[in-house]
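Below are my notes on the strand and helix arrangement of this model. Please read them alongside the coordinates.

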Amino acid sequence: MMRERVAENVYVFTSDRYAQVNAGAVIGPEWSVIIDTLAFPEETAEIREFVEGRLGSPVRYVVNTHYHADHSLGNCWFPGAVVVGHALARQYMDTHGREGLRGAQDHNRDLRDVQIILPSVVFDQGSLTLRVGKRSIVLLPLPGHSQDGIGALVLEDRVLFSGDVMMPLPHLVHGEFDNMVASLKRIPRLKLENLVQGHGEVVLRGEIVNAVRSNLHYLACVRRHVQAASRRKDPAAYLSDIDIEDCGKARILINGLAGDLHKRNLAALYQRLYGDKAGPPAPARTRASNARKRSARKVRPHLRRR
Ligand SMILES: [Zn+2]
């Protein structure tokens, strides 16, 4: 795991086991807040050891930016902390989260002792502020990657932990296109020093506008191709020819997972926009629905892959 200090007493932890997923910590004078937990117990233990052991600061709150396993499975390793998230995150963890964990545990012994711990402080509109010493962490809705997405803005330091609504490549499979666009457009207006994406490198102040623009450009490109596909006789065949590079992104992003994710974005948006109404003709429909089933299997914990 990699550790990086992005402001005084604000740290980012990046997994080297799964998809460069990020977690964070804001250290206060008496206690600390963790933002996301990573997934594997050994990595969560490293975060805890650093914050509680080395810095001597007990973790009082754990924020989940959304319900996905790679951001929330470590909740159970902070038994003294209050877990905070969107009301929908609680609901999704209770259903999809439990189901995903059972599946992952069958394939990965490292997860055998993990338990789902649901957020006990939730909100579903407006924002929620945690005070840590003299600083404020403002939790604000940033839906689009998932409906329960929230960001954690360390107000005084202008550091945003965005969750997965901002990644090196947008991830739309569980998301909603227009919400993601709206959330992304909100990010540059926050006048940030550092943007901690859900996955991948920290984006510095001078790079934020371009990074967001690149994702908006990618999304527009995906939508254009999905719309073009809907006018073809064989939409699935048309979409299978649209490479990630055609939309301005590199397949090496996110530890090489980006190429596959791009294909799933196309399939997911096609399904969302045209579903059965304007669905592809029979043979293509089979291919598209297979792709959807594949992505549904792969999506959540991705943990069994190891
Ligand atoms: Zn996610």
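1. Helix 3 (residues 87-107) lies across strand 6 and strand 7, and runs at about 105° to strand 6. Helices (H or I, at least four residues) and strands (E, at least two) are DSSP runs, numbered from the N terminus. Angles run from 0 to 180 degrees between N-to-C directions, with axes fitted to C-alpha atoms, for helices over the stretch in contact.

2. The model is predicted: local features need pLDDT of at least 70, side-chain atom pairs count only at pLDDT 80 or more, and totals for chains, interfaces and linings use all residues. Residues are numbered from 1 along each chain as its sequence is written, and side-chain values use heavy atoms, leaving out hydrogens and water.

3. Strand 6 (residues 82-86) pairs with strand 7 in the parallel sense, over three bridges; pairing requires at least two DSSP bridges between two strands. Valine 84 has valine 121 in strand 7 as its bridge partner.

4. Seven strands form an open sheet in the order 1-2-3-4-5-6-7, with mixed pairing. Strand 1 (2-7) and strand 7 (121-123) each have a single partner strand, so one side of each is left without a neighbour in the sheet. From one strand to the next, the twist averages 20°.

5. Helix 1 (residues 41-54) packs on this sheet, and the strands it touches include strand 2 (10-14), with whose direction its own makes about 155°. Contact means heavy atoms within 4.5 Å.

6. A six-stranded open sheet, also with mixed pairing, has the order 8-9-10-11-12-13. Its edge strands are strand 8 (128-132) and strand 13 (203-204). Strand 10 (residues 150-154) and strand 11 (residues 159-163) run antiparallel, joined by three bridges, and alanine 152 stands opposite phenylalanine 161 in strand 11.
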